[in-house]
Structure formats: structure tokens, C-alpha cells
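Here are my notes on the model you sent. Please read them with the structure open.

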4 protein chains.
Amino acid sequence: MTTSDIAGSATLTGVIPPVCTPLTPDHQVDTASLTRLVDHLLAGGVDALFVLGSSSEVAYLPDAQRKVVLDTVTGHVGGQVPVLAGVIDMTTPRVLEHVRVAVEAGAAGVVATAPFYTRTHPTEIRTHFRMIADAAEVPVYAYDLPVSVHTKLSASLLLELADEGALAGVKDSSGDDGGLRQVIMGRKAPFSVLTGSEVTVDSALWMGADGVVPGLGNVDPHGYVRLFGSAARGDWEAARKEQERLVRLFEIIQVGGARMGGSSSGLGAFKAALHLRGVIDCPATALPQVPLNDDEVAQIGMLLAAAGLL
Amino acid sequence: MTTSDIAGSATLTGVIPPVCTPLTPDHQVDTASLTRLVDHLLAGGVDALFVLGSSSEVAYLPDAQRKVVLDTVTGHVGGQVPVLAGVIDMTTPRVLEHVRVAVEAGAAGVVATAPFYTRTHPTEIRTHFRMIADAAEVPVYAYDLPVSVHTKLSASLLLELADEGALAGVKDSSGDDGGLRQVIMGRKAPFSVLTGSEVTVDSALWMGADGVVPGLGNVDPHGYVRLFGSAARGDWEAARKEQERLVRLFEIIQVGGARMGGSSSGLGAFKAALHLRGVIDCPATALPQVPLNDDEVAQIGMLLAAAGLL
Amino acid sequence: MTTSDIAGSATLTGVIPPVCTPLTPDHQVDTASLTRLVDHLLAGGVDALFVLGSSSEVAYLPDAQRKVVLDTVTGHVGGQVPVLAGVIDMTTPRVLEHVRVAVEAGAAGVVATAPFYTRTHPTEIRTHFRMIADAAEVPVYAYDLPVSVHTKLSASLLLELADEGALAGVKDSSGDDGGLRQVIMGRKAPFSVLTGSEVTVDSALWMGADGVVPGLGNVDPHGYVRLFGSAARGDWEAARKEQERLVRLFEIIQVGGARMGGSSSGLGAFKAALHLRGVIDCPATALPQVPLNDDEVAQIGMLLAAAGLL
Amino acid sequence: MTTSDIAGSATLTGVIPPVCTPLTPDHQVDTASLTRLVDHLLAGGVDALFVLGSSSEVAYLPDAQRKVVLDTVTGHVGGQVPVLAGVIDMTTPRVLEHVRVAVEAGAAGVVATAPFYTRTHPTEIRTHFRMIADAAEVPVYAYDLPVSVHTKLSASLLLELADEGALAGVKDSSGDDGGLRQVIMGRKAPFSVLTGSEVTVDSALWMGADGVVPGLGNVDPHGYVRLFGSAARGDWEAARKEQERLVRLFEIIQVGGARMGGSSSGLGAFKAALHLRGVIDCPATALPQVPLNDDEVAQIGMLLAAAGLL
């Protein structure tokens, strides 16, 4: 179960991987691989799915491809678990278009960042999330990703929007676990705090986080599910041990190194690993990302093997 | 004339305002006001128009509204001057969609930033512009806007892309006139260097820039046309005098101050001024921008009056 | 005991507060208050002291005042616990001067940031720490404080310097607990990993950190000592409970708000609290920091009372 | 003449190079080379000298070396031209120490940045400059260098401090010539606006700047003096031609490239050029900067030859 009823409301919990978007060699959405990936994640025991997030290469997908992803995943999942949808765009009016499409496709919630590209003020960020909440008929989750958005969502802003019911939760990919804790301790009503950091999940759960949205969960959903399960049972030693194994596995994202951007090396590594594990047919990333070369893929293979995944 | 034939090629020159997008009170594109604004600019003697740039609130316009703007302006202009179109989006595949629409609508050129939101490498930026150039059937201009894109396009990258013919020019809104000069002095073939800085036009032209893309040119196209004309005639004293008048007028963008974001105060000021001057029907800016209040609009009125524009 | 012998080496562990520098109303070092503060910390059970760190207002202290602090504290402590000294300055040659003074004054270790003000390369950062290690006759700790230094010390750089023996540990005030964990898991020999984050101490210790350098530890050393002790005994529930109390207390640093810089509100809050608790005679912060006003001090008093400290 | 009396006040004008600090191979100040460098600059016709600026490697010089530089230069110059002194340090109390030393050594003015390393508020920056002005018995110049200080001095802050007499001028090394122009146009009383950008001097003077503080002026003082002289005579074509030659020469700072920090490649290039031109005995830069290698020095030699300087 990914939700727990508290005072009539529902809080999203557990492992909610941001689903990679497999592509064909000519950069179309590979729906067959995508459904295989979804099956792989469900078989791993994840609690919900998050499509069209940063790890899904949402920034690279034209609207038509976004819709293919949405329809493919919601159709294939058929309500077994909630499917959240990223509605990533520069400002409110553009985000609202994605919200409409996502809700029509059956998304159980939408995930939105603060405005980006524009020079934005906290007042405008508040308006932005309130307008999204007004328009969406599903819960709205804030996506805190300063490395992309160049704005940090402060704990006070998140708590204000939580208190008024505009936000149902936050995916915190800021890496600022002090801020995460402020939100956890400051919330007055059910409000899902989900860490987006692959390597501090045990500690985030320890602080009271409700779940995790790990890009690396594409590669090893079983690992994150074991981690969350151990924590939920209070077996923190087992959680830490699993987390440490995943920390070592996470080195795959650094293999690409300085000859490419961070998106290329991170997303390329996830896809290379999924390809090596036989889940997807082609490891291609969207353009203009730099592809990993054979040596780099071989290094990723060794790290997978070391983690017991090959 | 906005283009000059050099060895069979054409370089875009002169005053090319980024056309504001007038909105109705309920935030639809106000096409009647938009065509009046275009007439106002053409009457001012501008050399080309740039629609769907940052000053056009492109970041706030859903694709359907972008298309209304494109069709309205290219239709109304009817070839009197070139119409450039911004193709602003996060990455290459999304930008290419906008390129297709812009070219179909009759844009004479497209203007693209580096990828944003993603963590990008110069190699990827190069691929990005090359792919746009391959797909577009019109000249491609790079848009250097670090305040939005969080990447500065280096002179060496621009010159490399210029030399191989991928880029026809650059709109430099970085505020780095040293870098602008490097590009001007480093170009080997016709390559339009256009400054996007409203307040250093005389000096950019002095360095050899070909033209200017001034947001403030919406408010006072005649002023920028006089400035450019004076410079073209070599009457630099007159150019400076005109520029200094425009620098004082440019204070309108600071009226909104710290209670709103920079986009709100800047774009709000342009629209308030156009409304006060009777060009557009409604000064509304797109959401979630904070609107200027009556006091602020009154201050803008006084600055307009001081500049001889009311 | 603050050190544990592992294979002949010693690792610094436990609670090591960065000692505030009490000032007189005319901004001289108040040595009487400083020794009282040291006694307060020792009575709290701390394992070592760190003078001349950021929380000590080192950036505001001329060299003569720095020396007064060093001599006062090392003299008063008389070897009861190790005293580490910050050697904070722009580049290696200036840092080396501070190293010499600190070692002469009896510091048990020195704490240095990467170069700042200059535009620095990882190669230069490596040289910097190697030169400090060569010159110091005491262990050298890296101080990772990107908010001040505008460089993040990567895990790989820290581990390389650890492996070659140049660094004995790191004080990580980056807030990046994922990076902290990489260092913890990557170290091959004794290497003290100390978190500088006041609000994630239990989780950092859980990951394997050796200790904490909490500015808030000036105000409530007993709390951090209880926290560390609980963790050391494996009573993580008690550690978390103590941590959460300290998280709420930490709100004192936000009382100053937006009318002053972060240094003023943070350091001003620590000193106001120490003054309210009767430890120091005067809450003055060094110039040009903005002092807290009476209302703000009253709010800090209420937060202290809520934490059981008044 | 470097100053012009206007209503009893004096405005600093002309070419004011930031004097490099020659070092011996073992990194002591090479006073013989320093006086030769001063003679080289005076022979070039410069109007004043600026010691202990960023180009002087001030960030790398311990206080004793700073004093050697000050005494050597003021002693050697003997009042022929004004000598300004950088008083670069983290905060007001530390800066005030440098002010005292500089004034005692005979500096005709002091040059201070905003506080750095600390998290600073505009209110604190105002206090900082006011306190410096109160303490100094000589004119105070603000040094706007966001790349080092990580704060941009706004035009409104500078003008406020100018109006109240706290600042006598600004050295603007921000690269933001729009902001420079705002200061030029906004000043109500004599206030020296000096550009620190080597490559936009003609245009800054065109806008009304009073002078230039060019690091590259160490290498080619005659060039900058000719440039300024041409502009002063109103021969802007000659000024531009000279500027363009200097832009090409300025490529020397990029020779070091990505294998070192920007300080190393820039300051290393100036010193390599001074060594090749026979002005200083040793091109060593302070540690931990990366030295240029033979190939890089050879490239610098070719650029010097192309500029007619070898």
C-alpha cells in the first residue's frame, strides 16, 4: 500500500521510482521496453510510479512523446499502483497544459517545480502552486530541484502551501537534508515528504520521511524496496546495509565523468544498466546528450556485478 | 534595410525589438493589441521583429498561444520586415518542435538558447545548435541569456558554430560587452552580433555590433531607430545623447522593486508603458507574475513623461 | 576522550563546538566571557574545542584578536581537551601564517578551507592542502563550507588527500549529506568525518560520522553531548529525540530574518542566547553585522525557554 | 595630471594599472623587479598606480609582503603620481588594519571590496564602506569584483555612498557596462568611475568613465596611455584601434586554459609577458597557483610579438 489514511486524508509513502523513458535508436519512445521496465519495477515491489520526472528525461521529451509515456504507463499499470506524472515546464500557464493532459490520462497526482527560466519571486512561486492546485483534480506534489530550477523551495514556503492544502507533498531532490527535516517536523497535517536523494534514504526515513523517489530505483527496485521495508519494520541496521550497497552501486553515474554533462552521465548510466540487465532494448538517451562509450558501459557492468545485479 | 549582402550572404542589422505579447484581462493573446503594437513598431522604423523572446513572455505562453502570436505577426507584417521567432524550450527535441512551427508560420529566422533545466556540457550545446541548424530552413541565431539559462555561451563556442555555418548570429543579452567584442573581432564571415542590452547600444555598435534587440524598443521604437541611425551615419554624439535618454527611460523596469521578480517588474513596466501610451488595451502580464499597482504605474507614467513619450 | 587509537593513529571524535568569540561593547575580545564560555562548554562535556571558525566570527577578527582568542582558550583549557584552530584566509601563503601562530599557541590541529576570493582549480586546492600539511606539525582538517568559499570539496579530492596523509579529517558544513556519506564509506584509513550541520547530527552519526562541530553547541553543549552519547551507546531513539529538540532550538538563527545577512542573524542569535543564559556579558557581534533588536532577542528568549534552557 | 579639481574636490582619472607583484623563485617580493616594473609603468605615462589589487596577487600576499610592496612602491614613486592601495580582506575590522598600514605608507587612496566569505546584506555593505571612510584619511574607492566577492555592488548603493561622501569612486571589474553607465549618469558630484575591464575601455570612456585600471596595463602601459589619450582628445577612431590591438593581446590570459584556475592563467600570463619583455627577473606566481609551462610561455611570446611588444 502506498497510502495511509490519516484523518480521512491519504499520504503517499514507500518507493516511487521516477521511471526512465526507454528510447529506440532513432529516439522514439520504446513502448515495449517501457512496459517491460514498468513490470520490472512492479515485480520489485514498488509502491507507486513517477513518470515524466527528470530521470525520465522529461526535459527532452516533446509533448507528444510525453503523452505516449503517460498513456503507456497508466494503461499498462491499470490502477495496480498510483502513477504520478511530472508536469515540468517553465511557468504556470504551460504547466497547466501538462496538468490537464496528465489528469486525463489517469495520473493519481502531479509533480511540479517552481517556475524556471524566468526571474521569480517567492510570491510568484506561491501563486504558481496555488493555481496548479486549483486546476488539478488530483494531489499536487512540489518538486524541489535547485540544480535544474535554480530556486530552492524553503521549508516555510512548503509548509505554508501544505497548511492551506495546496500541496500534498514534496519530492526533495535538493540534497539539503536539514531542510527536509524542517519540513518533516513542521508539517501539521498529512504531507508526503519524499526524498529524491538515492544515497541518504535510510537517514531520511529515520527523520520521518514517507518515501523515496530514487532514479537508481530503475536499476535496482528490489534494493530500495528492501531498504524501505527494513526501515518500516524498524530494522535500521538492515536498512543501512542495503543503503550502503546502493551507495556503491550509485557510482555508475560518475563513470561518464567530465567529458559530458551531469544529465548525460547520470541518465546514461541508468539506461546502460537497464540494458545490461536485459530490461530495455536500447540504452540510447535523448539528444543532445553524449552517449556513454563501450569502456564506460563496461565499467558500469562491473559495478552492477559488484552489486550482485548481473 | 535589415540585411546587407556580403559575398552572397545576408547579415541581420538594425533595430529588432522583441515584441511584447499583449494579453486580455483573462490572459488570452490580444491579437488586436498585438497588431497595433506591430504597427507602432513598424511606424517607428524598426528593421525586423523578434516574436516569442523573453520580453514576449514566451516562457509563459502555451504552444497554442505561441502559434497565435506567430501567425498574427507574420500575417500582419506580410513580409515588410523579417520576423524572427524564439524557439525557447529546455532541450533540442522540444526546440525542434517550435522550429517546425515557426518556419511553417513564415519566420525569417529562429532564435534558440542553450539547453536549460538539464545539466549541460559545451559538447552538448554544440550538438544542440548543430541539430537546430540542420533542421531549420532559415538562419539560426543563438540567444545568450545566462540569467535565464544559467550557461554563458563563450566567444569560442559561438565563433566555432559561426565558422561552420550553424549559426547566423547571436543575440547577446549576457551584459558582458567584453565577450561581445571578442565575438565581433573574432568572426571571419558575416555573423550578426546583436546586443540585447538596452543601455549599451551605442557602445556595442561602436565596437562593431550589427544591431540591437531592445525590450525597451517596444515602448520607444523611434528612440532606438534614431540611435541606430545616428550611429550608422557616424554621428556618435547624437547616438550617445539618444542612448542616455533611453537609459533614463529604462528606469521604468525598476519601479516594481523587491516585492516581485525581475520578470514581473521588467515586463510589467513595458506593458504598463504601452498601455499608457495607448498602444495596447490592457497591461496584464501572464501569471504567476505580480502586477504593478497604481502607484507604480503612476511612476512609470512620470518616467515616460520625462522621456517625452506622454 | 576525543581520540581513539586505530593502528597507531588517532581519530578526532565527539562534540567539538566552534567556540563563539564574545566581544565587549566596543568590539574587543572579552576574555573573561570567553573563558566562562569555555568553562560552560567543558562543563557540558564536549570532547574538543574549535576556535577561530566561522561561528567564532573569524572572518571579522584582525590577527591580533585571533591571537588573543587562541592564547586565552589554549591557556585556559590547559590540555584538558584538544583545541583546534581555524586558519581561515584567502590563499596558502596567508593561511600558513595563521598555521604558524596556531601551532605556537598550542593548537592540537588546524582547520583550513580551500582558497577563496581567487578563481581556483582542483589542482590548486590539492597543492594548498598539501602545503599546509607539510608546514603544520599538527593534524590538518579540511573545512568544507561552500556558502562562504564558493567551492565544494568533492569526496574524491578529500579521499585522495586523506589517502596520502595530508588531511586528518574534514569538517563538512556543506549540508550535502550524500557527499558526507561518500567520504565516510570511501576512507581507507582513520579519517575524522565531522558534520557541521546542527540539524542532521543523528543521521550523520548513523552514517558513520565521527563527530559534530555545531555552532548551536555554544548555546546547548549538554544537548549535543547527550545526542552524541546516545548515538554512541546505540540508543538512536534517544539521539533522535534530542536532535529534534535541538532542531526546534535552531530556529533562533532565523529570527533576524531578511533585514540582515545570514551571518548576522545566525551569530547574533548564538550570542544573544549565550547572553540570556548568563554565559557572556555582552551579545555584541563584530561589525558590520546588524545587531538583533529587543523584539528579536525576546523571541530568542522564548525559543530558549521552549527548549528548557532558560 | 591624474586629478582634476572640480568645486574643490579631485577626481582620479586616466590610466591606473594594478601593479603586478614580482616574486623571486622562492616566492619573496622581488623589490628590484618591482621598482623596475614601476619605472616601466611611469615611463609608459600612467597617471597613478594601484598596488595590492587582485592583479597584484594581493590575495596571496601575507601582511608583511603587502607592506614590502607598499613601502617599495610609495618610496620609489616619491609622489610623482598617486599610489592607491588595495585593502582587501574579509570584513571591516580586518580591512581597517590594512587601511591604517596603507595610509601610514603614504597611499593616496584605498580600494576596498564589499565583505566576502561572510553572508552579507546591503545594509552591512553600507556600514562597511562608511566605517572605512570614517577611518581612512584618504579617499576610499569601492572595488566591484563579483567573481571574487560574490556580491555585485548595485548602482543605487554606490550612488548613495557617493552622495554622502563615503566613496570617492569605484573600480568596476564586474564586466557589467550597463551598471557602469548607470553610475556615470547617476552621480551628482565628482565621483571617479574607473573600469577594470581591459577590453571595453574605449566604450567605458565614451560613456563618461574617468579612467581604467587594466591588469594588462602592466604588460603594455603605453598602449593604454595612448588609448586614454586618444579618447581624451576626442579621437575615438584611434582609441578603438588601440583598444582592438589590446583585445588581441589580452588573449594571453587564456593560454593556460582549463588545466588551471583563472587567477593562475591570467596573472601567470601578465608575469610571463613582463619577464619576456625583460621587465621582471622571474615570472613566478604565488602558490598554490599552477605555473605556465614552456609551450604556454612560447604562445604568450607569439601574442606579444603580434602586438609589437617583442
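1. Contact here means heavy atoms within 4.5 Å.

2. Ground rules. This is a predicted model, in which local features need pLDDT of at least 70 and side-chain atom pairs count only at pLDDT 80 or more, while totals for chains, interfaces and linings use all residues. Residues are numbered from 1 along each chain as its sequence is written, chains are lettered from A and ligands numbered from 1 in the order in which they are written, and side-chain values use heavy atoms, with hydrogens and water left out.

3. Size of the D–C interface. Chain D gives 47 residues to the contact, and chain C gives 47 residues. About 3700 Å² is buried between the two chains, and carbon and sulfur atoms give 60% of that area. Buried area is the accessible area (1.4 Å probe) that two parts lose on being put together, summed over both. Which three residues supply more of the area that chain D buries against chain C than any other three? They are Arg94(D), Tyr117(D) and Arg119(D), with 23%.

4. Four salt bridges are counted between chain D and chain C. A salt bridge is a side-chain nitrogen of Lys or Arg within 4 Å of a carboxyl oxygen of Asp or Glu. One pairs the side chains of Arg94(C) and Asp63(D), at 2.8 Å from N to O.

5. What chain D presents. The elements giving two or more residues to the side of chain D that touches chain C are α2 (63–77), α3 (92–104), α4 (122–135), α5 (146–149) and α11 (262–276) of chain D. Helices (H or I, at least four residues) and strands (E, at least two) are DSSP runs, numbered from the N terminus. That side of chain D divides into 21 nonpolar, 18 polar and eight charged residues. Ala, Val, Leu, Ile, Met, Phe, Trp, Tyr, Cys and Pro count as nonpolar, Asp, Glu, Lys and Arg as charged, and the others, Gly among them, as polar.

6. Pairs that do not touch. Chain B and chain C make no contact; their nearest C-alpha atoms are 12 Å apart. Chain A and chain D do not touch either, with nearest C-alpha atoms 12 Å apart.

7. Salt bridges elsewhere. The count over all chains is 77. Arg94(B) meets Asp63(A) at 2.9 Å, N to O. Arg94(B) lies in α3 (residues 92–104) of chain B and Asp63(A) in α2 (residues 63–77) of chain A, so the pair joins two chains. Arg94(B) is buried at 3% relative accessibility, whereas Asp63(A) is partly exposed at 33%. Buried means under 20% relative accessible area, exposed over 50%, partly exposed in between (1.4 Å probe, protein chains only).

8. Two bridges within a chain. Lys152(B) and Asp144(B) meet at 2.5 Å, N to O. Lys152(B) is partly exposed at 35%; Asp144(B) is buried at 1%. In chain C, Arg100(C) and Glu104(C) meet at 3.5 Å. Both lie in helix α3 (residues 92–104), four residues apart, about one turn of the helix.

9. Thr200(D). Thr200(D) sits in the loop between β9 (192–195) and α8 (201–207) of chain D. Is Thr200(D) buried or exposed? Thr200(D) is buried, at 1% relative accessible area. Its side chain makes polar contacts with the side chains of Asp177(D) at 3.1 Å and Ser197(D) at 3.0 Å. Beyond four places in sequence, Thr200(D) touches residues including Asp177(B), Arg181(B) and Gln243(D).

Key:
A polar contact is a pair of N or O atoms within 3.5 Å; within protein, one must be able to donate a hydrogen and the other to accept it, and residues adjacent in sequence count only if both atoms are side-chain atoms.
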